Amino acid sequence: MSQRAQSNYIPALTGVRAMAAYLVFISHFAYVFDEKFPHSVQRFFNEFHIGVTIFFVLSGFLIAFRYFDSFKLTKAWFLQYLKNRVARIYPMYALLTIGAFIAYHFTQNQTVTAGQNPVVMFFMNIIFVRGFFDQFKFTGIAQGWSLTVEECFYFSAPFIFLIATKYKKFYIQPIAVTGLGALLVLIFSHVNWFGFFGNFTFMMLYTFLGRCFEFYAGIQLALIVRKQKLDGTSKKKFTYLGFFLIFFCVWIMSALTIPKGYEAGLHNPWGIVTNNYLLATSIAIFFYGLLTETTLLKKFLAHPFIELLGKSSYIFYLIHLGFIYNFIHQGMNNLNDYVFELYDKWGVDWHSPFEYDSLNLFYAFIVLNVVSITLFKLIEEPLNHYIRKSDFLIKNKARNPENESAKIKA
């Protein structure tokens, strides 16, 4: 591994990916905690969607940390940059999206297509544009809406860097970007086009224009630390301060009134401010601590097993809802029926290990991780290496640091 690759790879931040994916998983199944806990606990876990914000801040940091000092807005550089982004994000998303629409053919699950033409919905999902429409944002792989936000950032990042370096305009950028989003809402909220920038809540929570500050927070962190020696010798407590502030933001959102027709305090206007701005800042503080300090939490997140979970967390995020989870859930229901049939034959009145929602959720969590690691090792990682070393978009150059295996792992 080259010195450059080593400096750009931070194991603890890979572990953070697993933490973020698991937080989102908990938020989607928070109703399970209403069985044995006060409703306030369920409300708290319901706001664990913060894993998405963690992903966004992390993306902003990593892209800036790797590319800010070396980017060149030339055709060759841009094609190489896009090639690396496609290799990282697209193969598994495309394969799982195809799987989702194949499953739709058999199940006719209308959440996959929002009642629209499945061919049109498939192409809108495969090229990420469904994320611009409120009515279509949860089609295909429902949680994949966030990839539209990510892709918008990837395309924007080189221009963000250019404006920041050439014109010295960085801090005004998120204001201008969100202002553009507000302008689009003012225009299209009066046009009934499947919710295309149809309201401010959608724009602020489900589009890059509304959520850009999270990426800018990560970029700002990269600009702060890129000249520092990240040797973990700092004795400050930013890691635990940031960690506390993250969950303080969760508590704030859990205490807010949920607007009618929505599911979380996140959708409250103050929830949007908390999630998009206060939480993003808290996460940046947390990351700064991980980068500059040596703590038990950092050692835990950098553990090789947690690192592996982090590497496979992208797949976990994509499959924890949808046809694969549904298949696992149906399998546990069938096992539950089979167990009770055995009990009837034996003439016993025992409990089934598959009759409790909380236990079934735990089983599903384990199976989803096994599937994710398997798909990562057998499909995602090999395809990532293959695309980066191929002549896709631009001819591969021998000994290109951008295509070294260490860069792929990062």
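This is a predicted model: local features need pLDDT of at least 70, side-chain atom pairs count only at pLDDT 80 or more; totals for chains, interfaces and linings use all residues.
The secondary structure of the chain consists of 18 helices and zero strands, and 53% of its 410 residues count as buried. Below is a short tour, topic by topic.

**The nonpolar patch**

- Helix α8, covering residues 173-188, gives the most to the nonpolar patch, with four residues.

**Overall form**

- The radius of gyration of the chain is 22 Å, which agrees with the value near 22 Å that a compact globule of 410 residues would have.
- Along its principal axes, the C-alpha trace spans about 75 × 55 × 45 Å.

**Aromatic pairs**

- A search of the whole structure turns up 61 aromatic pairs.
- One of them joins Phe68 and Phe161 edge-to-face, with 5.2 Å from centre to centre and 70° between the planes.
- This pair links distant parts of the chain, 93 residues apart: Phe68 is in the loop between α4 (50-67) and α5 (75-107), while Phe161 is in helix α7 (residues 145-166).
- Phe68 and Phe161 are both buried.
- Phe122 and Phe123 also form an edge-to-face pair, at 5.4 Å centre to centre and with 75° between the planes.
- Phe122 is partly exposed at a relative accessible area of 21%, and Phe123 counts as partly exposed at 49%.

**Charges over rings**

- The charged end of Arg85 sits over the ring of Tyr154, and its distance from the ring centre is 5.4 Å.
- Tyr206 has Lys137 over its face, at 5.0 Å from the ring centre.

**Salt bridges**

- Side chains of opposite charge can pair when their charged atoms come close.
- In this model the count of salt bridges comes to eight.
- Arg88 and Glu380 form one of them, and their closest N and O atoms are 2.9 Å apart.
- Because Arg88 lies in helix α5 and Glu380 in helix α17 (residues 357-389), the pair ties together parts that are 292 residues apart in sequence.
- Arg88 counts as buried at 12% relative accessibility, and Glu380 is buried too, with a relative accessible area of 4%.
- Within helix α14 (residues 304-311), Lys311 and Glu307 lie four residues apart, about one turn of the helix.
- The side chains of Lys311 and Glu307 meet in a salt bridge at 3.8 Å, N to O.
- Lys311 counts as buried at 16% relative accessibility, and Glu307 is buried with a relative accessible area of 13%.
- Asp391 forms a salt bridge with Lys395, where the closest N and O atoms are 4.0 Å apart.
- Asp391 counts as partly exposed at 49% relative accessibility, whereas Lys395 is exposed, with a relative accessible area of 61%.

**Backbone points worth a look**

- Most residues other than glycine have a negative phi.
- Ala114 has a phi near 55°, a positive value in a residue other than glycine.
- Ala114 is placed in the loop between α5 and α6 (118-126), and it counts as partly exposed at 32% relative accessibility.
- Lys168 is not a glycine either, yet has a positive phi of about 55°.
- Lys168 belongs to the loop between α7 and α8, where it counts as exposed at 66% relative accessibility.

**A tryptophan in a loop**

- Trp193 has its place in the loop between α8 and α9.
- With a relative accessible area of 42%, Trp193 is partly exposed.
- Trp193 and Phe133 are 60 residues apart in sequence, and their C-alpha atoms are 8.1 Å apart in space.

Methods. Residues are numbered from 1 along each chain as its sequence is written. Side-chain values use heavy atoms; hydrogens and water are left out. Helices (H or I, at least four residues) and strands (E, at least two) are DSSP runs, numbered from the N terminus. Rings of Phe, Tyr and Trp (its six-membered ring) pair if their centres lie within 6.5 Å; planes under 30 degrees apart count as stacked, over 60 as edge-to-face and the rest as tilted. Buried means under 20% relative accessible area, exposed over 50%, partly exposed in between (1.4 Å probe, protein chains only). A charge sits over a ring if NZ of Lys or CZ of Arg is within 6 Å of the ring centre and within 35 degrees of the ring normal. The radius of gyration is taken over C-alpha atoms; the globule rule is 2.2 Å times the number of residues to the power 0.38.
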